[in-house]
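The sequence and structure come first, and the description follows.

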Amino acid sequence: MADVIYPAPVDLDAASGEPMHPAARSVLDAALERGWADPRRLHRHARDARLLLDNAREVVAESLGVRRDEVTFTSSGTDAVHRGLLGLLEGRARPGAAATCTLSAVEHSAVLHAASWHARRTGADDAVLVPVDRHGRVSPAAVQQAVGPRTGVVAVQAANHEVGTVQPVAEVAAALEGRTPLFVDACASTGRLDLPGGWDAAAASAHKWGGPAGVGVLLVRKGARWATPFPGDDRVDERASGFENVPAALAAAAALRAVVEGRAEVGARQHALVARVREGVAGVPDVDVVGDPDDRLPHLVTFSFLYVDGEALVHELDRHGFGVASGSACSSSTFEPSHVLAAMGALTHGNVRLSLHRTTTDEDVERLLGVLPGIVADLRARVGM
């Protein structure tokens, strides 16, 4: 049977990566001409590159409301997460007493992997995971209670990457009262929401706000006890490793500034579109729409259908022209349930995450809601439900 021809495809997986913002593209083209040299050298081309790198750092700092000397560009958001978390642990290292981690149970896998690596390397106890409520939100009191005498760092994300729920970071920081450093993974929220206060180190990822891939941002608060957890090099900034991609950093900064300047309008529109998705999906029988319905990332929603295989649903939506992410029990890479959904007590089968681009329209959403119930019914019929 010939494939049905559907309208132009619509990508609804912005949380995995945004197309490059026009502001980034125009800056990147110009920066490639001037930013190719090593900004640590003293000759003319190097000074040009250094000027661009300083400009990029200044723009990011202004956009996030931080100091310029608190900003370091890394090779990715994951690299920034690892350096931020492990650097705080290294800064509190003491002979014969390996520090442990206290993490919310819904942290990104990059945080969990870094904590596990630290425990294996140092012999520290495994990380303490703080439970969350049904929306995926951690309690500041529960975090405070989980902190012990050997806790070297607490990690609480700004907003969850799978279900969108915003975390009470500032309240957690207040509960800690400065006794234990706080690491914040802000990769999912940077550019969309204000950077929460109270962090000692934080991480962001440029391709999630429309900057080039391969650029992360590490923030280390002035005065924080941070030390490099990896072998160093001859860079002046010990938080960096190797040669920064200066043109990409400048393009990332330009995209961040443009996104922050336009987020009031874009965020309000996306928040309303996601509310419409939540409402429409809720009308399908045996569905669980997860995450906080209001205090959330504006562009993201996850839902799960009973008696439906998540990968099959993703493939069928793709055939109908919609690109979405799978949050099902068996992901294509790990074949393990989503630890986020499991921690929330939500279904770990038949899950799909939608995340809207800045260009997603009402028509795109209505088209999706028009085909989704039939796709779900067909998939259930195939397994006799």
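## Two loop residues with positive phi

In this predicted model, Glu-177 belongs to the loop that runs between helix 6 (169-176) and strand 6 (182-185). The phi angle of Glu-177 is near 55°, which is a positive value in a residue other than glycine, and the residue is exposed, its relative accessible area being 55%.

Asp-286 likewise has phi near 55°, again a positive value in a residue that is not glycine. Its position is the loop between helix 7 and strand 9 (287-290), where Asp-286 has a relative accessible area of 46% and counts as partly exposed, because the exposed class begins only over 50%.

## Domains and their contact

## Nonpolar cores

Which residues touch the most other members of the largest nonpolar core? Within this set of 52 residues, they are Phe-73, Leu-182 and Leu-219. Helix 7 (residues 246-282) supplies the largest share of the core, with 9 residues, and at least three residues are drawn from each of domain 1 (10-18 + 263-383) and domain 2 (22-258). Another core, of 26 residues, lies apart from this one, and Val-277, Val-284, Val-314 and Leu-354 are among its members. In soluble globular proteins, nonpolar side chains tend to be buried together.

The surroundings of Leu-182 can be described residue by residue. When residues up to four places away in sequence are not counted, Leu-182 touches Leu-88, Val-154, Val-156, Val-169, Val-172, Ala-173 and Leu-176, and also Gly-198, Trp-199, Asp-200 and Ala-201.

## Aromatic rings

A search of the whole structure finds 2 aromatic pairs. One of them is formed by Phe-303 and Phe-305, with 5.5 Å from centre to centre and 70° between the planes, an edge-to-face arrangement; both Phe-303 and Phe-305 are buried. The edge-to-face label applies because the angle between the planes is over 60 degrees.

Trp-199, one of the residues that Leu-182 touches, also takes part in an arrangement with a charged group: the charged end of Arg-221 sits over the ring of Trp-199, at 3.7 Å from the ring centre.

His-207 is placed in the loop between strand 7 (201-205) and strand 8 (216-220), and with 23% relative accessibility it counts as partly exposed. Its side chain reaches the backbone oxygen of Ser-16 at 3.2 Å. With neighbours within four places in sequence left aside, the residues in contact with His-207 are Ser-16, Gly-17, Glu-18, Pro-212 and Ala-213. His-207 and Pro-19 stand 188 residues apart in sequence, yet their C-alpha atoms are 7.8 Å apart in space.

Is Ser-104 buried or exposed? This residue of strand 3 (residues 100-104) is counted as buried because its relative accessibility is 1%, a value under the 20% limit. The side chain of Ser-104 makes a polar contact of 2.6 Å with the side chain of Glu-107, and, neighbours within four places in sequence aside, Ser-104 is in contact with Leu-129, Val-130, Val-138 and Ala-155.

Asp-38, found in the loop between helix 1 (22-34) and helix 2 (44-64), also counts as buried, at 12% relative accessibility. A polar atom of the Asp-38 side chain lies 2.9 Å from the backbone nitrogen of Arg-40.

Ala-342 lies in helix 9 (residues 339-344) and is partly exposed, having a relative accessible area of 48%. Although Ala-342 and Ala-105 are 237 residues apart in sequence, the distance between them in space is 9.4 Å, taken from C-alpha to C-alpha.

Methods. Residues are numbered from 1 along each chain as its sequence is written. This is a predicted model: local features need pLDDT of at least 70, side-chain atom pairs count only at pLDDT 80 or more; totals for chains, interfaces and linings use all residues. Side-chain values use heavy atoms; hydrogens and water are left out. Rings of Phe, Tyr and Trp (its six-membered ring) pair if their centres lie within 6.5 Å; planes under 30 degrees apart count as stacked, over 60 as edge-to-face and the rest as tilted. Buried means under 20% relative accessible area, exposed over 50%, partly exposed in between (1.4 Å probe, protein chains only). A charge sits over a ring if NZ of Lys or CZ of Arg is within 6 Å of the ring centre and within 35 degrees of the ring normal. A nonpolar core is a set of buried Ala, Val, Leu, Ile, Met, Phe, Trp, Tyr and Cys residues joined through side-chain atoms within 4.5 Å. Helices (H or I, at least four residues) and strands (E, at least two) are DSSP runs, numbered from the N terminus. Domain bounds come from an automatic or database domain assignment. Contact means heavy atoms within 4.5 Å. A polar contact is a pair of N or O atoms within 3.5 Å; within protein, one must be able to donate a hydrogen and the other to accept it, and residues adjacent in sequence count only if both atoms are side-chain atoms.
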